[in-house]
Amino acid sequence: MTHSLSRFLSRRTLLSATVATLCLQAGVEVHAQAMWPAKPIRFVVGFPAGGSTDVMARVVGAAMAKSLGQPVVVDNRPGASGNIAASETIKSAPDGYTFMVAPISVQTANPFLFKPALNPERDLRPVASLGYAQLYLVAKKDLRAKSATELVAMAKAAPGKLSYGSGGAGTQMHLVGELFKQQANVDVVHVPYKGAAPALQDVLAGQIDYYFDPASGISHIREGRARLLAVTGSKRSPFFPDAPTLTELGIKGVELGNWFGVFAPANTPTEITVRLEREIVKAIAQPEVKQRFADLGTEPVVQDAVAFRKTIAAETKVLSTLIRERNLVVD
């Protein structure tokens, strides 16, 4: 056998072995996807147990577990407005066993607020939305203003005298509060808290004048301990149909609420994310899941990946502009 022929056969053997290895790997991957899920699924949540995001993750996860035949475990990684959970999800293997459940502010606001910023648009893939919650403009009970229009007039008459609270700098409560100030052209002092609960408590105690409630104060509104002046969004709340939207009152452009959804590491196989989307639709349709969402003041709304991306893009445009114009930065 000549040297050139031997070398040719060696190369052909190597090529054949390489092709066989790639085919085997592809076969293993296809089989793994077909068998998904073969072990517990993890939902990473960037907020403490008991909050709206955590409850939604647990309720939907429990419904999915029955259908999938595998547990769905919630892993709470609170901190940095969801950035810690996003980082944990991004660095996880894209094998269909780790997902993040989060408000979309992780993608629409965090990259513009935090330095250095993550790049969730590049590193996370939206799977589907879970639901939508309007924010409620809630005032302390004895505030002289009895409507959002009167609140604006009161703020304009005394610049810098009124105060509003939020669950912390960079939260959706804070950003909507700043958007309200911008669109109504008022000067109001922002008081950040470590969560929505302490902000609500200070509204109830009369320590601050108002805040944009993320549905945590529904029972207090219904029992008359706080006054609901208006809601954000393009339509009235199904939970408080008598409360006008800010748009109806002429304060346009304050239509943001809280969208919640499921996100996957960027390279997660499409076959798995599409299957997960179908499972989410089935879970959200269950009456007990709908009821738990209603208890949170959240409408169960599933958008598929394409529609969800459009929602995220639209909100990103609004919030990135707001953050830049008002020079909002969170360290």
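**Lysine over a ring.** I started at Lys-39, whose charged end sits over the ring of Tyr-97, 4.8 Å from its centre. For this I took NZ of Lys or CZ of Arg within 6 Å of the ring centre and within 35 degrees of the ring normal.

**Ground rules.** This is a predicted model, where local features need pLDDT of at least 70 and side-chain atom pairs count only at pLDDT 80 or more, while totals for chains, interfaces and linings use all residues. Residues are numbered from 1 along each chain as its sequence is written, and side-chain values use heavy atoms, with hydrogens and water left out.

**Aromatic pairs.** I looked up the ring pairs next and found 7 in the structure. Rings of Phe, Tyr and Trp (its six-membered ring) pair if their centres lie within 6.5 Å; planes under 30 degrees apart are stacked, over 60 edge-to-face, and the rest tilted.

Tyr-136 and Phe-240 make an edge-to-face pair, because their planes stand at 80°, with the ring centres 5.5 Å apart. Tyr-136 belongs to strand β5 (residues 136-140) and Phe-240 to the loop between β9 (226-231) and β10 (258-265), so I noted a link between distant parts of the chain, 104 residues apart. My strands (E, at least two residues) and helices (H or I, at least four) are DSSP runs, numbered from the N terminus.

Are these two buried or exposed? Tyr-136 counts as buried at 0% relative accessibility, and Phe-240 counts as buried at 12%. My cut-offs were under 20% relative accessible area for buried, over 50% for exposed, and partly exposed in between (1.4 Å probe, protein chains only).

Tyr-164 and Tyr-210 are stacked, at 5.7 Å centre to centre and 15° between the planes. This pair also links distant parts of the chain, 46 residues apart: Tyr-164 is in strand β6 (residues 163-166) and Tyr-210 in strand β8 (residues 210-213). Both Tyr-164 and Tyr-210 are buried. I followed the ring pairs on and got a cluster of Tyr-164, Phe-180, Tyr-210 and Phe-212.

**Around β6.** I checked which way the side chains go: Ser-163 and Gly-165 point one way from β6, Tyr-164 and Ser-166 the other way, and all are buried.

Which strands does β6 pair with? It runs parallel to strand β7 (residues 189-192), joined by 4 bridges, and parallel to β8, joined by 2 bridges. Pairing takes at least two DSSP bridges between the strands. Gly-165 has Val-191 as its bridge partner in β7 and stands opposite Tyr-211 in β8.

Last, I logged a right-handed β-α-β unit made of β6, helix α8 (residues 172-184) and β7. Right-handed here means that, with the strands pointing away from the viewer, the path from the first strand over the helix to the second runs clockwise.
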